[in-house]
Every structure is written in C-alpha cells, then in structure tokens.
Amino acid sequence: MDKSQWRWMLMESFTPWSALAGGLLIGLSAALLLLVNGRVAGISGILGSTFTAGRGDTAWRIAFLAGLVAAPLAYAAAGGTLPAVAVEASPVLLVAGGLLVGFGSRLGSGCTSGHGVCGLARLSRRSLVATVTFMATAAATVFVVRHLLGA
C-alpha cells in the first residue's frame, strides 16, 4: 500500500464523535480523580507509586490501573470491535523502547497523560514545557524514521 492510499484510509476511518467522546471521558476521569482524591491522573506516577504508596493510597491506584485493562475488554464484551494489533518490532527493541519511555517519564517527572492532560488543564508551566518537548521529540523521531531512514 502506498502513502496516498494510507492517508486516504486515515481520513476515511476518522471518527470525530468517538474521538470527542473519548477525550471527554479522559478529561472527566482526570477531573474526578483530582476533585475526589486530590491526585493527578498521570499513569507513570500512579503505576510507579502503586507498590510504595502509603496505607489507604494503594486501592485506588490498583482500581485505576485495572480499569485501564478492563475498559477495552468491557467494550469488546459489549459488542465493540477492537483494532487489530500487529507488533513488528523485535523483543529486544520493545524492551529498549519500554526502558527509554520509563527513563524519560522519570526524567520528565511524569508522562504525557500527567503533563498533557492534567498539567495543562491546571495551567502548569512545567507541564507546558514537558508537553512541547514530548511533541517536538515525537515529530523529530517520525521525521527521522520515515524520511531519513525510510522505514
């Protein structure tokens, strides 16, 4: 499939209403977690502190993480169609990528969900810088991989 066909498929399968609904649900869940628990819904922080959290602070973290896994399963059980997942990278590359993401989220004091969704909503300058850095790095990576390396 050439690039023009690929781009057409993206526009043909673009679903603005489901994207809007998903964005609203993410925003609502982040706002509720902040209002009810006083916690920011950054996935790396929630996961990273799950096993070191103080008493009474672990249950909501486990429930939040379980919800991330259970939500697509519930969607499929309700008749929704999950997208096909094809992993073409080697296991070594996947592990290296995972370690780099983990290192980056530690270095940046959070991940894209924490900074991009929650930090920007709270008008955090640190989150603005982090989000701009994430996005610029992602754009540069895609440019290098697709246009310079031809992958």
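Leu32 is partly exposed, with a relative accessible area of 44%, where partly exposed covers the range between buried (under 20% relative accessible area) and exposed (over 50%), computed with a 1.4 Å probe on protein chains only. Leu32 has its place in helix α2, helices being DSSP runs of H or I with at least four residues and strands runs of E with at least two, numbered from the N terminus. Together with Leu25, Leu28, Leu35 and Val36, Leu32 forms a nonpolar patch on the surface, with about 560 Å² of accessible area in total. Such patches consist of residues with over 30% relative accessible area and no salt bridge, nonpolar side chains (Val, Leu, Ile, Met, Phe, Trp, Tyr) being joined within 5 Å and like charges within 9 Å; the areas come from the Shrake-Rupley method with a 1.4 Å probe, and for residues only the protein chains shown count as cover.

The model is predicted, so that local features need pLDDT of at least 70 and side-chain atom pairs count only at pLDDT 80 or more, while totals for chains, interfaces and linings use all residues. Residues are numbered from 1 along each chain as its sequence is written, and side-chain values use heavy atoms, with hydrogens and water left out.

**Overall architecture**

Of the 151 residues, 15% count as buried, and the chain exposes about 11500 Å², of which carbon and sulfur atoms supply 72%. Among contacts (heavy atoms within 4.5 Å) between residues at least 6 apart in sequence, 33% join residues at least 24 apart.

**The nonpolar core**

The largest nonpolar core has 7 residues, namely Ala30, Leu33, Ala41, Ile46, Trp60, Leu65 and Cys118; a core of this kind is a set of buried Ala, Val, Leu, Ile, Met, Phe, Trp, Tyr and Cys residues joined through side-chain atoms within 4.5 Å. The elements that give two or more residues to this core are α2 (16-37) and α4 (59-77). Ile46, leaving aside its neighbours within four places in sequence, is in contact with Leu33, Val40, Ala41, Trp60, Arg61, Phe64 and Leu65.

**A salt-bridge network**

Side chains of opposite charge can pair when their charged atoms come close. With a salt bridge taken as a side-chain nitrogen of Lys or Arg within 4 Å of a carboxyl oxygen of Asp or Glu, the count comes to 2.

| Salt bridge | N to O distance |
|---|---|
| Arg39 and Asp57 | 3.3 Å |
| Arg61 and Asp57 | 3.0 Å |

Salt bridges that share partners join Arg39, Asp57 and Arg61 into one network. In the pair formed by Arg39 and Asp57, Arg39 lies in the loop between α2 and α3 (43-48) and Asp57 in the loop between α3 and α4, so the pair ties together parts that are 18 residues apart in sequence. Arg39 is partly exposed, at 34% relative accessible area, whereas Asp57 is buried at 14%; Arg61 is buried as well.

His115 is found in helix α6 and is buried, with a relative accessible area of 2%. Its side chain reaches the backbone oxygen of Gly108 at 2.8 Å, a polar contact being a pair of N or O atoms within 3.5 Å in which, within protein, one must be able to donate a hydrogen and the other to accept it, and residues adjacent in sequence count only if both atoms are side-chain atoms. Beyond its neighbours within four places in sequence, His115 is in contact with residues including Gly110, Leu120, Ala130, Thr131 and Phe134.

Thr131 lies in helix α7 (residues 125-148) and counts as buried at 15% relative accessibility. The side chain of Thr131 reaches the backbone oxygen of Ser127 at 2.8 Å, and, with neighbours within four places set aside, Thr131 is in contact with His115, Gly116 and Leu120.

Gly110, in the loop between α5 and α6, counts as buried at 12% relative accessibility. Ser109 lies in the loop between α5 (91-107) and α6 (112-121), is partly exposed at 46%, and has a phi near 55°, a positive value in a residue other than glycine. Leu123, found in the loop between α6 and α7, likewise has a positive phi, near 60°, and is exposed, with a relative accessible area of 74%.
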